[in-house]
Structure formats: C-alpha cells, structure tokens
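Reader: I would like to go through this model and ask what stands behind the terms used for it. Please set each value against its cut-off.

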Amino acid sequence: MSTPRFSPASTTVVFILGGPGSGKGTQSTNLVRDYGFTHLSAGDLLRAEQIRIGSQYGDLIKTYIREGKIVPMEITVALLSNAMADALAANPNPTPGFKPRFLIDGFPRKLDQAVFFEDTVCPSEMTLFLDCPEEVMEARLLKRGETSGRDDDNAESIRKRFRTFVETSMPVVKAFEEQNKVVSVTATGSVEDVYERIREGFKAKGVNPL
C-alpha cells in the first residue's frame, strides 16, 4: 500500500463538484479570497497541458476533451499532484495556524478517480457539492458560450456533459456522503445567496475563513 504524497495532517484538500454551469468557478473565486484556498481546476490544468510545448499528453488530452470523454485519471491526478507540489514550494510559509488549503474543481469525475487520488496524493477533508437544476445550468452555459470561446459551450456538448455528470460523478457525491464528507448546497439564486449557504456549510464542518 503506497503512502499518499501529502498528509491530511499538514494539507487540506476540498473537492468542489457540480454539473457544468453550477457555479464552481465563481464560488471558487470567493473561497480563494476568504478562506485562503489555492484553486486547482482539473479542466484548466488539462487545457493548459494540451497546448504546452513538448507535452507528452497534449494530443491525447485534446482528443478526449473534443469527444466529451474523461481523460485517463493517471494524467489528471499527476497534473493535480504536481500543481499542489509547485504551490507548496512557492509558498513555504503559510499563514500561522492554518494548513495549506487546496480547492480542487471539477475532479474527481468518477469514483475510481476519487479513490486513486486519496490513495496516492492526499485524502480529502470534504466535498462541496453545488446542486443545481439542469435547465438553470444550461441557460448559464449557453450565455457563457456567447463570450467564452470554449468549444464545449454549445447545446449538444452541454447535454452530453450533463449526462456524463449524472452517470459518473453523482456516485462520487453519494460515496462521500456515506463518509459524512459532503457539504451540499442549493446552487440557485444570486451568487451571494449561494455563497452564504456555502459559508454556513463550511462552518458546520469546522472550516473557517482566514
């Protein structure tokens, strides 16, 4: 049995999950500002890697993303693990009394990914789940697609992503719920309303702002 690269005694990992358009990026910004999280987006890391000169994974990642498939977890986990190590090396003196905090966005997408990450990188403290109706997410994404330039912000890709999320990611939320490691928040209404619910959920779990 391998030992995880980082210990939960010295590093806090929180996953943020929710369907596409549930507000993960928006709420992550709030949490970084108030709670001192380092925000790691699995999607952003993969998108950056696919255009990085000399990347051994670039073409493979491109193909998976274009087809709406999940990139092999070993690649995503390696990118996340290295990003955590880089962040810790860049800031070796965190705020006294606070462990370094990582907010991992859009990962794990599947249960085996969650297990693999916790076994090899770091067991998570909890998962923040943004619970949002499909029609609200679709409206948000189509609006974003007008300006985002992202290939997958179109109606067909969006529906594929919803199906993938429900089939593969909801079992992750359920598994963590059984371990009492989920803060589930209704992600409708204003950004401020949703964030207030998140703060209350975090407080109940003993995670406080800096």
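**Terms and the values behind them**

Author: The structure holds 0 disulfides. The model is a predicted one.

Reader: What makes a pair of cysteines a disulfide?

Author: The two sulfur atoms must lie within 2.5 Å.

Reader: Why is C122 called buried?

Author: Buried means under 20% relative accessible area. C122 has 0% relative accessibility, so C122 counts as buried.

Reader: And why does C132 count as buried?

Author: The relative accessible area of C132 is 10%. That is under 20%, therefore C132 is buried.

Reader: Where is T12 found, and why is T12 called buried?

Author: T12 is in strand β1. Its relative accessible area is 7%, which is under the 20% limit, so T12 is buried. Not counting residues up to four places away in sequence, T12 touches K99, P100, R101, F102 and E125.

Reader: What makes a set of residues a nonpolar core?

Author: The members are buried nonpolar residues joined through side-chain atoms within 4.5 Å. The largest such core has 25 residues, of which M84, I104, F107 and F117 touch the most other members. At least two residues of this core come from each of β1 (12-18), α4 (73-90), β3 (101-105), α5 (111-120) and α7 (155-178). Another core, of 22 residues, lies apart from it and includes F37, M126, L128 and L141. In soluble globular proteins, nonpolar side chains tend to be buried together.

Reader: Which residues does F117 contact, leaving aside its neighbours within four places in sequence?

Author: F117 is in contact with V13, F15, V77, L80, M84, I104, F107 and C122. Contact here means heavy atoms within 4.5 Å.

Reader: How do you know that β1 and β4 pair?

Author: Pairing needs at least two bridges. β1 and β4 (residues 126-131) are joined by 5 bridges and run parallel, so they pair.

Reader: What is the strand order of the open sheet, and why do β2 and β5 stand at the edges?

Author: The 5 strands are ordered β2-β3-β1-β4-β5, with parallel pairing. β2 (37-41) and β5 (182-186) each have a single partner strand, so one side of each has no neighbour in the sheet. Neighbouring strands are turned by 20° against each other on average, direction ignored.

Reader: Which strands does α4 lie across?

Author: α4 lies across β1, β2 and β3, and runs at about 150° to β3.

Conventions. Residues are numbered from 1 along each chain as its sequence is written. This is a predicted model: local features need pLDDT of at least 70, side-chain atom pairs count only at pLDDT 80 or more; totals for chains, interfaces and linings use all residues. Side-chain values use heavy atoms; hydrogens and water are left out. Buried means under 20% relative accessible area, exposed over 50%, partly exposed in between (1.4 Å probe, protein chains only). Helices (H or I, at least four residues) and strands (E, at least two) are DSSP runs, numbered from the N terminus. Axes are lines fitted to C-alpha atoms, for helices over the stretch in contact, and angles run from 0 to 180 degrees between N-to-C directions.
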